[in-house]
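Good morning, colleagues. I would ask you to look at the sequence and the model together while I take you through a few of the computed features.

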Amino acid sequence: MLTTLKDLRDLLVSLKLTVVLIVFSIILVMAATLDQVNLGVWVVQEKYFRTFVVFWKVGGVSLAVFPGGYSIGGLLLINLLGAHIYRFKWEWRKLGIWFAHAGLILLLIGELLSGLMQQDFTLRLDQGQTKNYSESFRNIELAITDTTDPKFDEVVAIPERPLARLETIQHPKLPFRVVVKTFFPNSTLSMRGPMMGAEAPGIATQGVGPQVIATVKPLTYKEDERNIPSAYIELVGAEGSLGTWLVSPALEEPQTFTAAGRTWKMELRFARHYRPFSLTLLKFSHDRYAGTDIPKNFSSRIRLTTPDGRDDREVLIYMNNPLRYAGLTFYQAGFENNDTTTVLQVVRNPSWLIPYIACGVITLGLLLQFGIHLAGFFTKRRAAA
Amino acid sequence: MKRFLPLAVLLLAALAVVASLLPPRYQGEYDLAAFSRLPTLVNGRIKPLDTVARTSLLVLQGRQSVSTPEGRSASPTEWLLDMLYKPEVADTYATFEIVHPDVLTLLNLTPDDGAGVGKKRFTYLQVSKGLPELARQSQLAESVEPAVRTPFQRAVIQLRDSVILYQRLQGSLLAPGVPNFLEQLAHFDTVVPAGLAAVRAKQAGQPHDAAAAKALLELSDAAAALESTGYLLPIPPVGDRGVATGWRNAGGALRASLESGQLNPGLATYAGLGLAWRGYQPAAFNTLVHEYRAGLDRDLPGFMGRCDVEARFNSAQPFYTAMLLYVVVFLLAVFSWLKWPDELGRAAFALVILAWVLSTAGIGVRMWLEGRPPVTNLYSSALFVGWVAVALCIVLERLYRNAIGSVTAGLVGFSTLLIAHHLALGGDTLEMMRAVLDSNFWLATHVVTVTVGYAATFLAGFLALLYVIRGVFTKSLDAPTADALARMVYGIVCFATLFSFVGTVLGGIWADQSWGRFWGWDPKENGALIIVLWNALILHARWGGMIRQRGLMNLAIMGNIVTSWSWFGVNMLGVGLHSYGFMDAAFWWLLAFVASQVAFILVGSLPLSKWRSFSAPAR
């Protein structure tokens with residue numbers, strides 16, 4: 001028993017394991033790169049790196065074919081730490097290696113943390129528009145707003161999960177139950193034409209629903225496409241059903257109705273994350289090289305204001321120059337509507353500084369290590385000559 | 001006698017290099033050299049007409065000279081003048097390279113109709129008959145995603161693009177369908193007032209000169225047509241001519257001239273040049289060129305220097321000369337292993353340094369012209385990979401003096417320049433940087449370091465190839481040479497690890513700055529990461545005693561595959577944020593290279609008893 005444990009320990013701290021793990025990571029990265037031809041980079045990350053095991057679908061069965069990023073990275077971490085603790089012996093000559101590996105450990109941990117904690121949002125601003133929230137890329141929510149009082153709105157936002165599970169939602173602020181009848185994770189909307197008698201009658205009875213038809217689409221994983229969900233929602237009040245609405249982010253405007261003597265707005269939208277400050281797009285610029293369509297620069301001039309008035313200033317976000325504010329980073333990601341709408345990517349990554357430090361440490365370590373090698377080489381040559 | 005061999009070889013080569021740097025001489029009475037240096041704005045950059053002529057020819061037909069129907073070889077500038085002013089003559093030059101047999105069939109052509117060696121070049125007259133069908137086929141091909149197009153579809157789209165480039169170039173100064181356009185321009189001062197008077201009279205219902213009104217109308221139609229087609233923007237802004245904005249094509253300048261009633265002087269010059277070229281008046285042509293040039297020099301002191309240098313750089317072709325030198329280096333150094341090791345070795349080393357200095361100068365001129373760090377696109381990365389690898393070879397050769405550094409320098413220098421030559425067929429290699437890449441700081445740090453990493457990994461691989469070839473096929477790999485090679489490969493792998501790691505990390509930092517994440521598992525990032533991992537693998541396997549000399553060599557050869565994949569392969573996937581360098585023609589070359597490296601690894605894995613160097617009885 002003891003020898004088995006000893007063998008295990010020797011294996012865990014061995015250079016052989018290091019080499020095998022490096023081979024595994026090369027294969028993993030290679031496979032993940034090639035699979036990007038089929039899948040978007042986000043799905044590839046989930047499938048290969050943010051997992052313990054990589055599954056491949058063979059026929060209809062998911063087979064565990066390879067250790068995932070967490071397994072390989074975790075073992076590498078154990079191997080690194082183990083080897084250094086187990087074989088620790090103070091020597092100047094090894095300083096470089098220690099630095100390099102300490103940095104590597106930090107880098108692995110940093111990548112793990114950013115995988116766990118990083119959040120991405122998007123912020124679309126038309127010229128002159130002000131927003132104090134950014135939107136999720138993928139998650140949606142059903143927002144039901146009581147707009148009766150002109151002074152303020154009261155919003156009830158229902159997240160994606162109960163919607164996708166077709167649950168019935170009862171909320172104390174709502175005088176009706178929300179019954180999710182159908183939920184399409186990805187869909188396309190089209191106008192219901194007068195000639196199209198053959199199609200199935202729509203479920204929707206209220207709002208734009210009767211004129212529009214939602215068709216289910218397969219989920220997309222492409223980088224430049226988004227899944228556009230839609231749902232049929234029935235509202236059931238004390239006196240029975242109020243009707244069924246079709247909701248989808250593809251519908252531009254929220255749908256208005258009255259219930260229990262109050263005025264309501266309802267829309268399915270990409271989940272909003274409110275911020276303690278607001279941004280106004282003053283001007284989006286798209287510079288091209290003279291006489292060509294080659295883009296030279298994209299930039300957004302933005303007014304940043306906080307409700308307490310402490311911050312009220314203009315900022316310029318352009319390529320390679322994001323705005324870092326309140327733990328968020330705003331990057332120029334794109335543009336729409338003939339250069340009048342800017343699309344900013346908003347990232348919260350509390351561990352963004354770790355890779356910078358880690359890389360500095362590793363670089364220092366490699367320089368030391370190879371510098372010592374080189375010095376040794378020249379000393380030997382001089383001795384031989 | 002043979003003592004002087006290195007010096008003699010160096011002198012001879014230096015003479016050849018100097019000869020290539022002399023100003024180009026043009027035959028005939030026209031001062032084509034002066035014309036070729038005139039500036040124009042194309043693709044966002046102000047460049048001499050010489051560059052436009054050469055890069056257009058490279059795109060259209062893969063080489064810089066044109067054969068005329070009489071079998072004469074025309075210079076790029078001569079061809080450009082005919083394109084601009086005598087389109088009917090230019091249409092009879094064989095300017096389109098078409099190799100795909102199905103595309104030829106589409107145009108009702110066979111290789112027998114072609115001109116030149118290989119019968120693969122065709123005239124616009126030959127191509128133009130099939131244009132409607134070509135347009136239809138290219139529309140069909142466009143509907144297919146670029147990554148999955150067949151070779152035929154790619155060839156169709158490429159030819160369609162070539163035809164568009166050709167037509168736009170021809171539509172730069174001569175308005176199609178307007179007879180005597182240049183004469184009308186030359187008489188602008190009379191045609192326009194007369195035409196205006198006639199038009200006003202006509203509107204007032206009075207008797208008028210219908211011909212004068214028609215001439216004015218034609219000029220204004222020509223302006224609109226030229227403004228939409230004109231490829232060249234050769235007309236500098238009247239005020240500040242140094243800036244890139246405000247340059248116009250002939251149509252735009254003509255429209256402005258019609259509005260103001262004053263013919264733009266630049267446009268007047270180009271019209272006069274056209275009349276002189278069409279009318280065989282070299283004296284008038286030369287006077288106009290010189291006067292125009294003097295005007296530019298007066299208005300923009302110092303500005304024209306850049307165009308002069310670029311035209312001179314184009315004709316000197318330093319990278320071509322260096323490529324030839326590397327061939328000589330390789331041969332000399334290989335022969336030095338058979339005979340006269342000292343003399344031939346020193347001769348080879350002298351030439352390596354000469355070729356490297358020449359490439360350094362070439363890269364330096366490109367950097368000065370562009371105002372950028374050395375690597376801005378695939379083409380310049382090929383130049384730079386070769387430059388770094390040869391520099392490292394020079395260091396190795398200085399240390400070991402066994403001609404291994406020279407042989408490798410010849411091999412790597414030649415191959416990288418050959419790759420660069422083929423990459424140059426895509427057009428002007430001094431292109432403007434797309435928005436996200438427009439950052440000299442990151443180009444100078446991330447891109448340069450990561451390219452140095454590529455170069456070092458390749459160098460280790462090529463040194464390992466030498467080890468395997470000499471060891472298996474010859475008896476020349478004795479123990480000292482083998483040890484020296486092993487130390488070289490090990491040292492270079494260390495160097496490669498450092499630079500590829502730092503370069504990759506700097507890339508991550510750049511990505512964090514511009515895309516909001518340090519690491520995004522984008523194909524190009526992964527490619528760089530795999531190189532780092534591979535080098536780390538070699539080092540750890542070596543430290544752990546899992547491999548010895550031969551294993552080190554085989555892993556280093558594998559490094560060639562890994563690096564070529566990261567350098568070119570990931571671009572072929574056509575996905576990710578880095579896919580600006582997309583290319584597809586090179587795919588088969590990449591496969592062939594990979595296959596050859598696998599073959600070498602197999603050879604290197606033969607048992608040592610099969611190696612000629614090691615099977616021999618003890619020396």
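I begin with a single residue. Leaving aside its neighbours within four places in sequence, Lys119(B) is in contact with Pro111(B), Asp112(B) and Gly114(B); two residues are in contact if their C-beta atoms, placed from the backbone, lie within 7 Å. Lys119(B) sits in the loop between α6 (101-106) and β6 (121-123) of chain B. Helices (H or I, at least four residues) and strands (E, at least two) are DSSP runs, numbered from the N terminus. By the definition, a residue is buried with 20 or more other C-beta atoms within 10 Å of its own, exposed with 12 or fewer, and partly exposed in between, with C-beta atoms placed from the backbone.

A word on provenance. This is a predicted model, in which local features need pLDDT of at least 70 and side-chain atom pairs count only at pLDDT 80 or more, whereas totals for chains, interfaces and linings use all residues. Residues are numbered from 1 along each chain as its sequence is written, and chains are lettered from A and ligands numbered from 1 in the order in which they are written.

Chain B as a whole comes to 26 helices and 6 strands. Its C-alpha atoms fill a box of roughly 110 × 60 × 50 Å along the principal axes. Of its 619 residues, 50% are buried.

Within chain B, consider one helix pair. The axes of α19 (residues 378-400) and α20 (residues 404-423) of chain B come within 8 Å and cross at roughly 175 degrees; axes are lines fitted to C-alpha atoms, for helices over the stretch in contact, and angles run from 0 to 180 degrees between N-to-C directions. α19(B) and α20(B) are therefore roughly antiparallel, a term for angles over 145 degrees. The residues of this contact divide into 18 nonpolar, 6 polar and 1 charged. Here Ala, Val, Leu, Ile, Met, Phe, Trp, Tyr, Cys and Pro count as nonpolar, Asp, Glu, Lys and Arg as charged, and the others, Gly among them, as polar.

Finally, the interface. 49 residues of chain B are in contact with 46 residues of chain A. On the chain B side, α22 (479-514), α23 (523-543) and α24 (549-573) each give two or more residues. That side divides into 30 nonpolar, 14 polar and 5 charged residues.

Key
Angles under 35 degrees count as roughly parallel, over 145 as roughly antiparallel, 65 to 115 as roughly perpendicular and the rest as oblique.
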